[in-house]
Amino acid sequence: MTSLDILDNFEENCCVMRYTTAGQLWNIISPREFVDFSYTVGYKEGLLSCGISLDWDEKRPEFVRGYNHPCGWFCVPLKDNPNQSLLTGYIQTDLRGMIPQSAVDTAMASTLTNFYGDLRKAL
């Protein structure tokens, strides 16, 4: 993820956000942007976040608009060590555009690996 912007807030835990990704595989896969409705709430001492992409009129020409089908993230403290949490994500991303499935699979795998690695460093 290269940027994240809140486009609209509905209430404390509910918003529309736009985030972008960098091009992958020497820009064979163009940079993408996603506009998602997101709802996040505390759940059993952790967090539950769910979302889905929206049709959003404002499009930026330097990005291909991707689409996230219903997805969710669960962050739950470990019972044996409450200072650590288990992060589980369920995503169904359609990158859209004309790219071979093998390139999508490679890019998604490396992107998710980088995401979790960067998250670990940030914590």
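How many salt bridges does the count come to? In this predicted model, the count comes to 4 salt bridges. Side chains of opposite charge can pair when their charged atoms come close. The pairs described below are set within the overall fold, which is outlined before them.

The secondary structure of the protein consists of 1 helix and 9 strands. Read from the N terminus, the order of elements is β-β-β-β-β-β-β-β-β-α. Of the 123 residues in the protein, 25% are buried. Where contacts link residues at least 6 apart in sequence, 40% of them join residues at least 24 apart.

Glu33 takes part in a salt bridge with Arg60, in which the closest N and O atoms are 3.1 Å apart. This pair links distant parts of the chain, since Arg60 lies in the loop between E4 and E5 and Glu33 in strand E3 (residues 32-43), 27 residues apart. Arg60 is partly exposed, with a relative accessible area of 21%, whereas Glu33 is buried at 1%. A salt bridge also forms between Glu33 and Arg65, with 2.9 Å between the closest N and O atoms. Arg65 belongs to strand E5 and Glu33 to strand E3, so this pair ties together parts that are 32 residues apart in sequence. Arg65 and Glu33 are both buried.

Another salt bridge joins the side chains of Arg96 and Asp94, at 3.9 Å from N to O. Arg96 is partly exposed, with a relative accessible area of 37%, and Asp94 is likewise partly exposed, at 33%. Through shared partners, salt bridges join Glu33, Arg60 and Arg65 into one network.

Glu33 is also touched by Phe63, whose contacts beyond four places in sequence include Thr20, Thr21, Pro31 and Arg32 as well. Phe63 is found in the loop between strand E4 (46-53) and strand E5 (64-65). The C-alpha atoms of Phe63 and Phe34 are 9.3 Å apart in space, and the two residues are 29 apart in sequence.

The cysteines were examined next. A search of the whole structure finds 0 disulfides. Cys14 counts as buried at 8% relative accessibility, and Cys71 counts as buried at 16%.

Terms used
Residues numbered from 1 in each chain as written. Predicted model: local features only at pLDDT ≥ 70, side-chain atom pairs only at ≥ 80, totals over all residues. Heavy atoms only, no water. Disulfide = S-S within 2.5 Å. Buried < 20%, exposed > 50% of the residue type's maximum accessible area, 1.4 Å probe, protein only. Helix = DSSP H or I, 4+ residues; strand = E, 2+ residues; numbered from the N terminus. Contact = heavy atoms within 4.5 Å.
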